[in-house]
Amino acid sequence: MSWFEAKKEKPAIPPAKALWAVCPKCKSHMPKEEWKANNAICPRCNYHGRLSARERIAQVADEGSFEELFRAVSYSDHLEFHDASGDYKSKVEATIAKTKETESIVMGRATIGGHPVMLGVMDFAFMGGSLGTGTGERIARACETAMAEKRALVIFSASGGARMHEGILSLMQMAKTSAAIGKLKESGLPYISVLTDPTTGGVSASYAMLGDINITEPKALIGFAGRRVIENTIHQKLPDDFQSAEYLEKHGFIDKIVERKDLKAFIAKMLNYWGC
Amino acid sequence: MASKKTVAKTAKTPKTPKAKAPTAWDRVQLARDAKRPHLADFLREMASDFEELHGDRLVNDDRALIGGFATIGGEKVLVLGHHKGATVEENMEANFGMVNPDGYRKAMRLGRLAEKFHLPIVTFVDTPGAYPGDTAEARGQAEAIAKSLEVFAGLKTPIVVVVTGEGGSGGALAIAVGDRILMLENAVYSVISPEGCAGILWRDGKAAPLAAEALKITAADLARLGVIDEIVPEPRGGAQTDHQAAAAYVKAAVLKALKELKKRSLDELMAARYEKLMKMGRFN
């Protein structure tokens with residue numbers, strides 16, 4: 001009796017994932033504590049890892065200045081979408097419970113170095129930072145409010161692209177956000193786009209690439225199509241630095257690669273140049 | 001004679017089960033049918049003249065996106081459209097209708113030219129998607145599409161969009177922002193190809209028919225969702241059976257839309273286009 005019961009009680013070994021962080025770029029291992037203490041930046045290769053929207057806001061907005069808006073604008077399951085692994089509604093509700101966010105972008109008024117801004121920060125943990133109807137609506141409203149209050153617009157993107165669970169209307173958010181941002185820029189207000197790791201697909205192909213200036217962090221992945229799709233199309237292996245922040249800067253689509261610790265000061269400096 | 005007729009009839013029956021509406025997947029096949037009318041066919045049937053203009057003034061003349069001035073039913077317009085080609089040689093030349101950044105930059109250049117002379121723009125949308133290639137990325141595919149969306153949303157001239165075949169995601173949308181969005185009965189328009197969606201969410205490309213259904217990509221679906229304004233009928237069996245008839249329907253719908261849009265002042269037109277976009281997916 002006892003010999004097989006004893007087998008069941010294995011000593012609990014914490015899984016490696018709970019203790020070690022692995023840099024997705026250079027694959028170096030380090031204790032998770034070290035990764036966190038270094039602000040999700042790899043001490044070996046300087047890859048700037050992902051932050052949650054709240055972590056980012058805390059680092060960029062002046063202390064206590066962030067005032068969240070449009071939290072009630074959330075996802076819509078107008079297609080009653082379901083796939084092999086279940087329905088969209090349950091998935092997104094689980095994401096809301098886990099992240100405590102109600103959409104893939106957190107939006108609100110803030111000041112950066114004293115400059116009044118409308119600040120939007122995407123959270124990759126919310127459905128891969130995908131662009132849904134709620135995301136697009138928040139950005140459109142942010143543009144309207146920014147124009148009414150004469151605020152600069154600053155958006156930190158982190159996204160895999162459009163949210164296919166919301167079908168064609170998620171695609172339409174690319175046009176909607178681009179039109180709203182076009183109007184804001186036309187009105188004389190500045191838009192600073194910060195493309196963080198990763199910014200791809202329908203988000204890079206709409207508001208993320210439309211900044212008066214586009215900036216990014218070291219080693220961020222930025223592109224339109226996925227690496228594997230491209231490799232399958234051209235039947236060639238792509239170089240390691242393909243679609244990196246450095247590649248984008250070299251090809252002229254990024255104004256500057258800014259280290260995380262310098263981002264806030266850089267944005268404030270630009271707004272100061274422009275007298276905003 | 002009589003017996004021949006009967007044979008022909010019975011042979012036909014299993015092919016077309018009576019009055020059964022085509023599924024979304026059926027329509028995907030129709031939209032991709034090589035015999036379906038493409039840009040060149042529509043131009044031949046609809047325009048009394050067409051003068052193509054080339055190049056983006058930067059690096060290239062993308063053959064997957066064609067532009068030029070045309071006269072349609074007496075109306076002088078700028079035509080922009082995806083070019084897929086009908087033969088293998090044409091397919092290769094047109095990159096199967098998959099546009100590079102250069103194509104979108106050409107479209108913006110010509111769009112601004114039309115605006116300068118107050119000429120309406122008619123676009124024909126039929127692409128599997130923007131070209132996913134390394135050179136396309138190097139030249140800024142994302143930026144080119146983004147900029148097109150911003151530019152076409154702001155061009156101060158009427159824009160009529162006709163989705164004629166495959167409306168493939170961002171590559172289609174880049175020339176599909178306008179004041180009137182028309183869509184052929186058997187055309188499809190989607191955020192991602194059914195195969196791509198099936199690969200990601202079903203982990204099985206063979207689930208594409210299921211994905212096609214779930215994504216709601218048909219003209220009727222898009223009309224219900226408020227994404228398109230009008231469904232353009234096709235001849236019985238589909239546009240591939242009769243190019244002339246298909247083009248006649250499109251021509252009538254385009255001319256009707258242009259007539260309505262011309263009645264608006266520029267301010268009204270721009271305000272309505274902006275509001276049209278802002279309404280998309282505004283649920284709360």
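Predicted model: local features only at pLDDT ≥ 70, side-chain atom pairs only at ≥ 80, totals over all residues.
Domain 1 covers residues 14-44 of chain A, while domain 2 covers residues 48-273. Where the two domains touch, 5 residues of domain 1 of chain A are in contact with 6 residues of domain 2 of chain A. The side contributed by domain 1 of chain A comprises, by class, 3 nonpolar residues, 1 polar residue and 1 charged residue.

Helix H5 of chain A runs over residues 88-99. With its 12 residues, helix H5 reaches 16 Å from its first C-alpha to its last, which is close to the 16 Å expected at 1.5 Å a residue.

| Group in H5(A) | Residues |
|---|---|
| Buried | A:Tyr88, A:Val92, A:Thr95 |
| Exposed, on the other side | A:Ser90, A:Ala94, A:Ala97, A:Lys98 |

The buried residues of H5(A) line one face of the helix, because their directions, seen down the axis, fall within an arc of 55 degrees. An α-helix has 3.6 residues a turn, so residues three or four places apart point the same way. Just after H5(A), A:Lys100 takes a positive phi of about 65 degrees.

Technical notes
Residues numbered from 1 in each chain as written. Chains lettered and ligands numbered in written order. Domains from an automatic or database assignment. Contact = placed C-beta atoms within 7 Å. Nonpolar A, V, L, I, M, F, W, Y, C, P; charged D, E, K, R; others polar. Helix = DSSP H or I, 4+ residues; strand = E, 2+ residues; numbered from the N terminus. Expected span 1.5 Å × (residues − 1). Buried ≥ 20, exposed ≤ 12 C-beta atoms within 10 Å, placed from the backbone. Arc of directions from axis to C-beta.
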